[in-house]
Amino acid sequence: MSMTVQSQPDRPDPTVIAAQNDAFRKLACLGVAPAKPIQGRMHVTRSLMEAGDGFMAEAVKATGEFATFEPENDPEGWHDFGAVEIRGETVFWKIDLYEADSDFRYGAETPDNPATTMRVLTIMLARDW
């Protein structure tokens, strides 16, 4: 059996989405302004907020600095998930993409268009997953 793979011209470019997700993470976590505006918000879980002793600040900073993307942890190439170690504790972060005017009910139709996409970065302890 043979299979023909056809290109999908309407499929968003993962490198564009990855660059936008990286820029948003750096804005949300490190305060580094992107070259172009990117809409979004950051959430941290209650357990991360309650960790105390600067743990949350370390987790947020490590999330913003994360750059170890490989096919195993980033299969779509979107740079939308990562895990960091803080004081022996695993912290996950995830970026979800929504339609900007949907009140977070619908996924982004054109995730590579920052004018119509709202990003939500969630940072949590892995044990809360």
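Predicted model: local features only at pLDDT ≥ 70, side-chain atom pairs only at ≥ 80, totals over all residues.

Guide: Residues are numbered from 1 along each chain as its sequence is written, and side-chain values use heavy atoms, with hydrogens and water left out.

Visitor: How many salt bridges does the count come to?

Guide: A salt bridge is a side-chain nitrogen of Lys or Arg within 4 Å of a carboxyl oxygen of Asp or Glu. By this rule, the count is 7.

Visitor: Is R25, which forms a salt bridge with D22, buried or exposed?

Guide: The closest N and O atoms of D22 and R25 are 2.9 Å apart. Buried means under 20% relative accessible area, exposed over 50%, and partly exposed in between (1.4 Å probe, protein chains only). D22 has a relative accessible area of 16% and is buried. With a value of 0%, R25 is buried.

Visitor: In which helix do K61 and E65 both lie?

Guide: K61 and E65 form a salt bridge, with their closest N and O atoms 3.7 Å apart. Helices (H or I, at least four residues) are DSSP runs, numbered from the N terminus. The two residues are 4 residues apart, about one turn, in helix α3 (residues 55-65).

Visitor: What is the N to O distance in the salt bridge of D96 and K94?

Guide: D96 is partly exposed at 28% relative accessible area, and K94 is partly exposed at 23%. Their side chains meet at 3.8 Å.
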